[in-house]
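Please read the following note with the model open beside it.

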Amino acid sequence: PDHTRLRGLVNRAFTPRRIESMRMSIRLLTEECLDQLARQDGGDAMEILGFLPVNVIGELVGVPRTDWNYFRPLVNAGVANLEASPTLEELKASHAAFTEMGEYFRNLLDERKKNPQNDLISALIEVEESGDRISEDEVVSTVILLFAAGMETTQNLIGNGLAALFQHPDQQNFLWDNPNLVPSAIEEILRWDSPVQIDGRTALQTTEIAGIKIEEGKSVVTLIGAANRDPEKFINPDDFSVRRDEGPPLSFASGIHYCLGANLARAEGQEMFAGLIRRFSTIEQAGELEQRGRMTLRGFKTVPVSVTSR
């Protein structure tokens with residue numbers, strides 16, 4: 001019930017209509033990233049293009065532009081606690097990062113109470129001050145969650161997408177020749193190398209799946225990456241095809257915990273890859289791709305690229 005209440009309060013910021021109204025803003029923020037890539041004739045895509053999700057979620061939540069870059073190392077350290085077997089050092093760093101973010105957002109909360117803006121944190125304060133829907137602690141934790149989730153996963157969507165295209169040059173060439181396929185290409189990137197590989201669920205009642213009985217209250221780990229390669233759902237699931245049209249993958253999960261930011265992530269991915277096609281006649285791998293080595297949130301640490309402007 002608490003989850004339903006909190007989700008309902010922020011859901012209106014992520015409706016399809018609201019996200020479509022943000023398209024031009026997302027496109028302009030995308031162009032800033034592409035401008036930097038063009039000036040340098042390439043660089044680390046995770047560093048340059050991966051900044052887009054930070055920009056977008058920062059603007060949506062209400063973090064001042066001068067502070068956007070401040071959050072990148074904090075979020076990266078914080079989400080380590082979602083992994084299957086984090087080290088003690090990673091857990092300590094994660095705790096410290098979330099504590100620091102909490103202090104930042106409490107200060108921003110105080111500032112927004114004095115000077116409200118047209119952003120999500122101001123909207124949540126308005127609800128909080130009405131006295132019966134959300135506490136200040138819940139505002140802070142909700143904003144931290146949105147900021148962390150909105151940044152790390154979409155960064156991985158961009159990096160994983162580039163890596164998939166580099167591994168399949170025929171698909172990259174076909175996409176560059178057919179930019180109208182960008183929406184289906186984003187779905188295929190999400191399916192073929194999902195930014196979120198595993199998730200957790202708890203059985204609300206005793207149930208049976210594939211002959212296995214799961215008792216009420218028991219937790220299970222769902223392997224999203226495996227489900228996205230299910231041969232009963234997808235034809236030749238290990239093949240990467242930007243033309244694939246077999247329904248959405250499970251990369252955003254399902255049910256009451258379906259990813260709140262799915263529409264936003266899709267919009268960012270579409271604008272980024274459409275922008276790359278529009279701006280560059282070629283984008284090529286320019287060095288070794290280094291993965292983060294994480295299991296839950298799958299992505300790359302570095303994706304070096306070279307580009308040729310149109």
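1. The charged end of lysine 233 lies over the ring of phenylalanine 234, at 5.8 Å from the ring centre. Arginine 191 also places its charged end over the ring of phenylalanine 234, 5.1 Å from the centre. A charge sits over a ring if NZ of Lys or CZ of Arg is within 6 Å of the ring centre and within 35 degrees of the ring normal.

2. Please keep in mind that this is a predicted model, in which local features need pLDDT of at least 70 and side-chain atom pairs count only at pLDDT 80 or more, while totals for chains, interfaces and linings use all residues. Residues are numbered from 1 along each chain as its sequence is written, and side-chain values use heavy atoms, with hydrogens and water left out.

3. The structure contains 9 aromatic pairs. One of them joins tyrosine 70 and phenylalanine 71, whose ring centres are 5.1 Å apart and whose planes meet at 80°, so the pair is edge-to-face. Rings of Phe, Tyr and Trp (its six-membered ring) pair if their centres lie within 6.5 Å; planes under 30 degrees apart count as stacked, over 60 as edge-to-face and the rest as tilted.

4. Phenylalanine 71 is buried, with a relative accessible area of 0%, whereas tyrosine 70, at 32%, is partly exposed. Buried means under 20% relative accessible area, exposed over 50%, and partly exposed in between (1.4 Å probe, protein chains only).

5. Ring pairs also link Tyr70, Phe71, Tyr104, Phe105 and Phe147 into a cluster.
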